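Student: I have a new structure open and would like to go through it. Can we start with the charged side chains?
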Amino acid sequence: LANAGHRVGLIDADIFGFSIPGQMGLGSAGNTVKPTRIDDMILPPVAYGVKVISIGMFLDSNQPVAWRGPMLHRAVAQFLTDVHWGDLDYLLVDLPPGTGDIAISLGQLLPTAKTVVITTPQVAAAEVAERSGSVGLQTGQKVLGVIENLSWLQQIDGSKLELFGSGGGAAVAERLTQLQGGEAVPVLGQIPISIPLREGSDAGEPVVDGAPQDPAAIAIADIAAKLAATPQGLAGKRLRLNL
């Protein structure tokens, strides 16, 4: 989205399993680029044209975060209200898997947000992803679409080895369409297993920048184009927060 010229913010709301700073080249746990504080506001670091905030930026080591629900809720609320995002076209929030406190808090804080559900082709994972998408629906958030990750491993002969089975993304989309009262939930894309994607994640260089011709990078760019085709712009608007 940022490469296409959009103004993008990214919140790492996976408080227990944060990994966004490392993936975005902002340092590893305990050695990340720190946000700048001006009066009561926090200026988020910028990487690859994306404004980023994560709990990992406030820790001095790779220590675990052991918080209960109220503290998790407060952390997410502060990321939304105390960070100076400026005018954005997209504010993306990376949530932990499952249906825990953070997903519920985000539904309460941002009732007009839309959910993108991530799954893998495996049936067991698809069932978990379906439940995750359902949490947003219960708090009034619509599901924008489904992304299927780890869809296949491309073979030298051009064939696709489906290590985790097939059909999980389509099954989740179909079920969430039913739960959403028949309003279509599309499969936004399928991302193949990719060594450059994994290497870029470890090195802090997104695959869309480091290896844009890789099949995974092409799939991600196509997903971004589909998201951008449906106007979601936040520029000039205030976030509708329920605090």
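Tutor: A salt bridge here is a side-chain nitrogen of Lys or Arg within 4 Å of a carboxyl oxygen of Asp or Glu. Keep in mind that this is a predicted model.

Student: By this rule, what does the count of salt bridges come to?
Tutor: The count comes to five salt bridges. One of them joins the side chains of E183 and K142, at 3.5 Å from N to O.

Student: Where do E183 and K142 sit in the chain?
Tutor: They link distant parts of the chain, 41 residues apart. E183 is in the loop between helix 5 (168-179) and strand 11 (187-191), while K142 belongs to strand 8 (residues 142-149).

Student: Which residue does R198 meet in a salt bridge?
Tutor: R198 meets D202, and the N to O distance is 3.4 Å. Both lie in helix 6 (residues 195-203), four residues apart, which is about one turn of the helix. R198 counts as partly exposed at 45% relative accessibility, whereas D202 counts as exposed at 58%.

Student: What about D222, what does it form a salt bridge with?
Tutor: With K226, where the closest N and O atoms are 3.5 Å apart. D222 and K226 are both in helix 8 (residues 215-229), again about one turn of the helix apart. D222 has 38% relative accessibility and counts as partly exposed; K226 has 38% and counts as partly exposed.

Student: Switching topic. What order do the four strands of the open sheet take?
Tutor: The order is 4-5-1-6, with mixed pairing. Strand 4 (46-47) and strand 6 (90-94) are at the edges; each has a single partner strand, so one side of each has no neighbour in the sheet.

Student: How many bridges pair strand 1 with strand 5?
Tutor: Five, in the parallel sense, between residues 8-12 of strand 1 and residues 50-54 of strand 5. L10 stands opposite V52 in strand 5.

Student: Last one, L137. Which helix is it in, and what is it in contact with?
Tutor: L137 lies in helix 4 (residues 123-138). Leaving aside neighbours within four places in sequence, L137 is in contact with K142, V143, L176, L179 and Q180. L137 counts as partly exposed, at 23% relative accessibility.

Student: How far apart are L137 and G107 in space?
Tutor: They are 8.7 Å apart, C-alpha to C-alpha, and 30 residues apart in sequence.

How values were computed:
Residues numbered from 1 in each chain as written. Predicted model: local features only at pLDDT ≥ 70, side-chain atom pairs only at ≥ 80, totals over all residues. Heavy atoms only, no water. Helix = DSSP H or I, 4+ residues; strand = E, 2+ residues; numbered from the N terminus. Buried < 20%, exposed > 50% of the residue type's maximum accessible area, 1.4 Å probe, protein only. Contact = heavy atoms within 4.5 Å. Pairing = 2+ DSSP bridges.
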